[in-house]
Amino acid sequence: MKSKKLLALLLSAGMTLSMLSGCGGTAETEVPDTTEVEQGHEGNTDPDQGQEPAPAQDTTIVYATSTFGQKFSPFFATTAYDMEVVNLTQGGLLAADRGGAIINNGIAGETVNYNGSDYEYTGMGDVEVVQNADGSVDYNLTMKEGIKFSDGVDATIDDVIFTIYVLSDPTYDGSSTIYALPIEGMEEYRGGMDSRGNVIFADGNEGYTANDLYTEDQYNKFWDYYNNNAGADFAQEIIDYLVDNGYNSADDSVAVCAENWGFALEDGATTQDFWDAIVAAYDTVEEAEATESAGSTRLSLTIAALGAEFESGVSTGETAANISGIERTGDYSMTIHMTEYDATAIYEMNFTIAPLHYYGDTSLYVYANNSFGFVKGDLSGVKARNTQPLGCGPYTFEGYSNGVVTLKANPYYFEGEPKTTYILMQESVDSDYVPGIVTGSFDIAVPSISDDVVKAIRDANGGDLIGNTITTALVDYRGYGYLGINADLVNVGGDPGSDASKNLRKGFMTLFSVYRDTVINSYYGDRASVIQYPISNTSWAAPRPADEGYVTAYSVDVDGNAIYDSSMNEEQRYEAARQAAIGYFIAAGFTFDEATGQFTDCTQTYEIMIPGQGQQDHPAYGVAVAASEVLESLGIKLQVNDVGTSVWNNALESNTAMMWAAAWQASVDPDMTQVYSSANAHGNGTNSNHYAVDDAELDALILAGRRSADTEERKSIYKEAMEIIMDWGCELPLYQRKDCTTFSTMRIDINTIPQDMTPYWGWYAEINNMATR
């Protein structure tokens, strides 16, 4: 899976992922220095800032982006850049706050605090979650009346129901997984029908047998593509993923991209060579495909390449006429009934309000007759609109030509017609983003942040990240870097969960922790900050410094006393950490000789793996080396191994890494099951709990968090769960990297850009208010 494949790579200094906000998404803007100030007011800013914004008529913003895939459909868009067009032209039923949490009462609006500031959120709909006594759940959805599409047609709940049925169709092959939720009747509706391509694949490649579902020509055409082209397509999708998400540039070779996926190829390698290397790394083709996929399978890529003939549905048995759990309750309301609670389902309720009259056929929509705007199994009409989107978002799609998408303000937008008339989304390359703002070619860009980018911005502004030329918003990346310890391999007496074992690991973590500030600041500078809890700061569940009980990671000694005080300088903090670590190792059962200042009975050599590719180029490397030197002075051997990605990945997957550095890419929901549940430890389940944390109390909290529909309750549960994780001494949060959004101070009214940007509240989260100067 790509999330595992890129754990180490996400730590690279030059790699960032510009996360997109969806409808109602969010963004915290942080200034370059550690002192927070209001955006646009650091350094020598524009003296005219604060004037009235320019009139909305005939004003234009030029946004620099990358190559479009030209699938601008709310159903089938795949690339990050196409999704930006979707987000600006479509409207979602529900809003979300800056932490990504769903706003339940969007019609009336809700006030939510973020980083000490209150923000008001409104949306196109409400959601009420009702957990029933039998364990089932009802999501009661209400749409705001008066919503109009950009062509002036009124929107109703029928447009949402149409959307749901498209996403639930047996032949749907887009990125949505609404069909995987436990919606009553979903399996029955999707059963008994499949795409022609899936049917051919299921029948196997042993030779054609006459049947009523596909011809011999179709059979041969399918397998010819699958066997000879799909592997290269699979590799190309990995490359597209890396480029789309900022890990590589569009002009990087196949070999350069493959390196970021953990494969070494010769210069001049092709995508077929990349696929061959992937297959060669595994015992079976099936294992290679399942492990290395960037999202698709060779099967889905084959069907997509061959088109409607193989995408269309064929009957394979009995099928339900409707989804019994989808109930229309009024012109502007509906209920989705699920057989069980799923904590992540709330995010799926933010359905795009896609216009039935445009993407479907109104003559085929008769709810009472189980007809939902298209012929079941045939989405060709929906796909025919892929390049020409229409919706109820802030902008209308005017066209795509010569690498530029032109959007025009939607006069019917529910929050008011945007102040800026046009947005031109212009294809470019990352290296031209910042220079383009300086020269006036672009007004907004989201460059991959690096030392060179930071220098270019500072040079343009005369030293600051915010100045007369460019205003920079540093936005926390949706993920975080960490150091991990495998409790099965680092323990006392073979008991990973004993107090002695926890003290042993906390001794290591105390020393690692104290060097974070110096090393991370030296490595990243403005591009990252140290974090204290094992969760991305972008999550709504992340503890905040102002919260009661917020503490620095591993900042108390074995007796629970604070290790540091505010009067200590750097060297004093190092010594305090050393003394605290000694206390933990003594509590772990080791014998300390006061005369020599060393432990006399620690004979084991510990190892930490840093995926720095043998170049020592990794933010965790300096932390590990500094700690190892202190440990050596105490008579404890910690070997720091700087290894390649493949060695590191194999050690993690085989659970043979004692200690390691990596990063997690976070999802919007803070569910901890995958990473910390004992069901996924010791090589079991998904084999994704590499810490080998096996704690019944933690498992109970994880389960309670999944079962609760109350955001505040879940936040409290996860805080308690994180404290247990830290008590095990198996994870040290290292840093939160930052993404970068740049605005032209000369051409954008900086007072109108979003404040407190996050991955869920991006530069266009309040686009209707953004104005030019």
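Close-up 1. V434 is buried, its relative accessible area being 4%, because buried means under 20%. The model shown here, and in the other views, is predicted. V434 sits in helix α16, which covers residues 433–439. When neighbours within four places in sequence are set aside, V434 is in contact with P447, V453, A456, I457 and I470. F508 lies 74 residues from V434 along the chain, and the C-alpha atoms of these two residues are separated by 42 Å.

**Close-up 2. Strand β18, with both faces covered.** I470, a contact of V434, belongs to strand β18 and is buried on one side of it. Strand β18 consists of residues 470–476; seven of the seven are buried, so the strand is largely enclosed by the rest of the structure. In a regular strand, side chains alternate between the two faces of the sheet. On one side of β18 are I470, T472, L474 and D476, and on the other are T471, A473 and V475. The strand pairs with β26 (residues 731–744) in the antiparallel sense, over seven bridges. Within this pairing, T741 of β26 stands opposite A473.

Close-up 3. A search of the whole structure finds zero disulfides. C602 is accordingly in no disulfide, and the nearest cysteine sulfur, that of C730, is 17 Å away. A disulfide would need two cysteine sulfur atoms within 2.5 Å. C602 is buried, with a relative accessible area of 11%. C740 also counts as buried, at 1% relative accessibility.

**Close-up 4. Helix α21 and the elements that cover it.** Helix α21 has 13 residues, 621–633. At 1.5 Å a residue the helix should span 18 Å, and its end C-alpha atoms are 19 Å apart, which agrees. Its buried residues are Y621, V623, A624, A626, A627, S628, V630 and L631. An α-helix has 3.6 residues a turn, so residues three or four places apart point the same way. Among the elements covering the buried residues of α21 are the strands β19 (479–485), β23 (605–610) and β24 (637–642). The cover also includes the helices α18 (499–514), α19 (516–524) and α20 (570–587). Just after α21, G635 takes a positive phi of about 85 degrees.

Close-up 5. T79 is placed in the loop between β1 (60–65) and α2 (80–89). The residue is buried, with a relative accessible area of 13%. A polar atom of the T79 side chain lies 3.1 Å from the backbone nitrogen of D82. Residues up to four places away in sequence not being counted, T79 touches G69 and D244.

**Close-up 6. An open sheet of four strands.** The strands run in the order β6-β7-β11-β10, and the pairing is antiparallel. β6 (125–131) and β10 (326–330) are the edge strands, each pairing on one side only. On average, neighbouring strands of this sheet are turned by 20 degrees against each other, direction ignored. Four bridges join β10 to β11 (residues 333–338) in the antiparallel sense. E327 has T335, in β11, as its bridge partner.

Definitions and conventions
Residues numbered from 1 in each chain as written. Predicted model: local features only at pLDDT ≥ 70, side-chain atom pairs only at ≥ 80, totals over all residues. Heavy atoms only, no water. Helix = DSSP H or I, 4+ residues; strand = E, 2+ residues; numbered from the N terminus. Expected span 1.5 Å × (residues − 1). Buried < 20%, exposed > 50% of the residue type's maximum accessible area, 1.4 Å probe, protein only. Contact = heavy atoms within 4.5 Å. Polar contact = N/O pair within 3.5 Å; in protein donor to acceptor, adjacent residues only side chain to side chain. Pairing = 2+ DSSP bridges. Axes fitted to C-alpha atoms, helices over the stretch in contact; angles between N-to-C directions.
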